Amino acid sequence: MRLSEPPLNGRTEGLIDTLRIYETPEGVDLELRVAGPVVRAAALAIDSLIKGALILALTPLLAFSGLGVGLMLLGMFLLGWFYPVFFELRNGATPGKRAMGLAVIHGDGTPVGPAASVIRNLLRVVDFLPLFYCAGLVSTLIDGDFRRLGDLAAGTLVIHVRPPFPEREIPLHEPVPPPRPLTPETQQAIIGYAERSGRLSSERRVELAEALAWLSARRGHAAEEAVLGYANWLTRGQ
Amino acid sequence: MKQQQFETGRHRMWKEYRALLEQLERSPGRRDRLSPLQRFPRLYRRICGHYALARSRGYSSSLTEDLHDLVRRGYQQLYRSRLDWLRQTLAFLSAGFPRAVRGHAGVFWLAAALFFGPMLIMALGCHQDEELIYSLLDRQDIAQLESMYDPTNRKPGREADRQADTDFAMFGFYVMNNVGIAFRTFASGLLLGLGSLFILIFNGLVIGAAAGHLTRLGYGGTFWPFVSGHSALELTAIAVSGAAGLLLAAALLAPGRRRRLDALQRNAREAVKLVTGALAMLVLAAIIEAFWSSATGIEPAMKYLFGGICWLLMIAYLSLAGRGSAGAA
């Protein structure tokens with residue numbers, strides 16, 4: 001006999017998704033949105049520029065002959081190997097990743113620690129092989145959590161920390177009670193529609209609102225008005 | 001309960017929690033001195049409850065996402081591992097690292113054999129056969145090597161300050177070069193161990209060839225005193241980082257009763273201790289190499305004595321340090 005898996009509130013079940021669920025000791029599901037190769041490559045490009053600029057800033061040291069050359073070499077060594085480690089342990093991500101709204105975490109959702117950070121960044125040289133992170137790219141594409149080889153060995157994830165659409169307001173409208181009781185799913189769909197309506201074209205708003213014609217018995221902009229009315233009633237009451 | 005009632009009833013608590021959270025995120029180091037933070041874990045658990053409620057009641061996704069964001073950030077602050085850098089570094093160097101080397105004695109000896117074996121064979125071979133070194137290095141490299149250690153080529157009477165200056169440049173170079181080799185030896189273990197294997201054997205062969213060739217030419221009088229001081233730390237550190245690489249390879253080739261990924265993550269945690277220790281050894285070796293080995297005014301006998309003491313101290317350190325004491329971890 002095989003027990004079926006408990007549903008994850010119906011949100012990720014059976015779907016291909018970049019959400020990874022981790023249940024905290026408090027019994028709450030943390031949703032970690034893992035970051036794909038494109039945004040990570042952009043972060044990498046920013047970091048490379050910063051590193052290049054820092055190396056350029058070190059070159060005046062060469063004027064101080066031996067001591068300066070020694071400091072320059074040490075600086076290049078530290079930048080080359082420990083630039084990501086330093087920033088990951090200090091801020092949770094390199095400046096490039098922060099700019100892209102990413103963070104590095106352990107698989108259990110906690111901020112990355114020294115051991116994992118050193119592992120994932122030393123193994124960068126293998127991800128870089130044969131050139132320009134080919135191995136890393138292949139690894140991120142094969143792995144379900146977009147992990148490169150260094151992430152696999154260190155047990156780390158790179159996640160989005162910013163919500164995809166930060167500000168969301170339900171447009172104010174006269175609250176209208178729905179003509180009949182609604183299931184929670186329908187309620188959520190109506191509220192979600194109202195929240196997203198600001199980012200939709202007016203044609204799309206009408207088209208989506210007309211999907212509820214069985215409920216509102218309206219067409220066109222009247223349907224949109226009706227659904228906004230339900231959303232206001234559901235969230236604010238009369 | 002309507003969403004708006006739910007929100008207004010809890011707004012103050014969320015505000016307080018958010019303020020504490022931002023305080024924690026701004027100054028992660030000073031958390032124990034800030035007394036209002038004692039309320040943080042309690043508030044965090046309450047917010048977890050609110051989040052679960054908001055989800056099960058189907059409140060709007062902007063509210064659930066806001067609450068989820070608060071939960072995620074609170075979780076990260078509450079469960080992050082605290083770092084006490086100074087104490088942990090000292091504990092690692094005085095006990096953790098030698099324990100890790102002894103704990104993985106098998107791979108360490110294997111890496112050492114792969115490094116010192118070819119070195120010894122090549123040294124003997126190049127000492128006997130003057131042609132052998134040309135099979136490994138090209139003519140230009142060999143000429144440069146010879147001129148570096150040619151006893152007639154020494155330029156005596158360099159000014160002391162000038163000497164110290166170039167010494168520091170060499171220190172930077174040794175750190176960058178040697179630690180780079182150690183890190184690559186470790187990382188390339190992920191290529192089923194082939195990378196580590198290649199770097200260990202190749203470097204062993206080159207070092208052995210140089211030693212055998214220079215001794216055969218009669219340059220031993222400049223070569224051996226130079227290398228004796230830093231040899232203990234430098235050579236052993238390369239073997240240690242090779243062991244770290246082999247640990248990664250072992251996880252992939254012989255994961256035992258674990259999935260390969262689990263074995264890899266477990267072995268990487270151990271390997272990183274070895275690499276970090278190798279880093280410390282190589283920085284120390286670079287100091288010796290740049291400022292002691294290159295010093296021209298010191299008798300060879302002194303350098304041999306110093307080198308011998310270094311070997312003894314290092315063997316004692318790796319085999320004895322951190323034994324018995326239960327506390328340090």
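## Close-up views of a predicted two-chain model

**View 1. B:Thr185 lies in helix 7 of chain B.** In this predicted model, B:Thr185 counts as buried because it has 30 C-beta neighbours inside 10 Å, where 20 or more are required. Once its neighbours within four places in sequence are left aside, B:Thr185 is in contact with B:Ser196, B:Ile199 and B:Leu200, and also with B:Ile238, B:Ser241, B:Gly242 and B:Gly245. B:Cys126, by contrast, stands 59 residues away from B:Thr185 in sequence and 25 Å away in space, taken from C-alpha to C-alpha.

View 2. Chain B has a mean pLDDT of 87, with 92% of its residues reaching 70 or more. Where pLDDT is low, the predicted coordinates should not be read in detail. For the model as a whole, the scores are ipTM 0.85 and pTM 0.81.

**View 3. The contact between chain A and chain B, to which chain A gives 46 residues and chain B gives 49 residues.** On the side of chain A that touches chain B, at least two residues each are supplied by strand 2 (29–33), helix 2 (65–91), helix 4 (114–122), helix 5 (124–128), helix 7 (149–154), helix 8 (184–196) and helix 11 (220–236) of chain A. Helix 2 of chain A provides the largest share of this side, 12 residues. Sorted by class, the side of chain A that touches chain B comprises 27 nonpolar, 14 polar and 5 charged residues.

**View 4. Helix 11 of chain A and the elements against which its buried residues pack.** Helix 11 of chain A has 17 residues and reaches 25 Å from its first C-alpha to its last, which is close to the 24 Å expected at 1.5 Å a residue. Its buried residues are A:Ala223, A:Glu224, A:Ala226, A:Val227, A:Leu228, A:Tyr230, A:Ala231, A:Asn232, A:Leu234 and A:Thr235. Within chain A, these buried residues pack against helix 8, helix 9 (202–209) and helix 10 (213–216), and they also pack against helix 1 (3–26) of chain B. After helix 11 of chain A comes A:Gly237, whose phi is positive, near 80°.

**View 5. The antiparallel pairing of strand 3 and strand 4 of chain A.** Strand 3 (residues 102–106) of chain A pairs with strand 4 of chain A over 5 bridges, and A:Leu102 has A:His160 as its bridge partner in strand 4 of chain A. Strand 4 (residues 156–160) of chain A is mostly covered, with 4 of its 5 residues buried.

**View 6. Chain A as the setting for these views, with a secondary structure of 11 helices and 4 strands.** Along the principal axes, the C-alpha atoms of chain A fill a box of roughly 85 × 55 × 35 Å. The radius of gyration of chain A is 25 Å, whereas a compact globule of 238 residues would have one near 18 Å. Of the 238 residues of chain A, 34% count as buried. Among the contacts in chain A with a separation of 6 or more, 58% are accounted for by residues 24 or more positions apart.

Notes
Residues are numbered from 1 along each chain as its sequence is written. Chains are lettered from A and ligands numbered from 1 in the order in which they are written. This is a predicted model: local features need pLDDT of at least 70, side-chain atom pairs count only at pLDDT 80 or more; totals for chains, interfaces and linings use all residues. Two residues are in contact if their C-beta atoms, placed from the backbone, lie within 7 Å. Ala, Val, Leu, Ile, Met, Phe, Trp, Tyr, Cys and Pro count as nonpolar, Asp, Glu, Lys and Arg as charged, and the others, Gly among them, as polar. A residue is buried if 20 or more other C-beta atoms lie within 10 Å of its own, exposed if 12 or fewer, and partly exposed in between; C-beta atoms are placed from the backbone. Two strands pair if DSSP finds at least two bridges between them. pLDDT is the predictor's confidence in each residue, from 0 to 100. The radius of gyration is taken over C-alpha atoms; the globule rule is 2.2 Å times the number of residues to the power 0.38. The expected span of a helix is 1.5 Å times one less than its number of residues.
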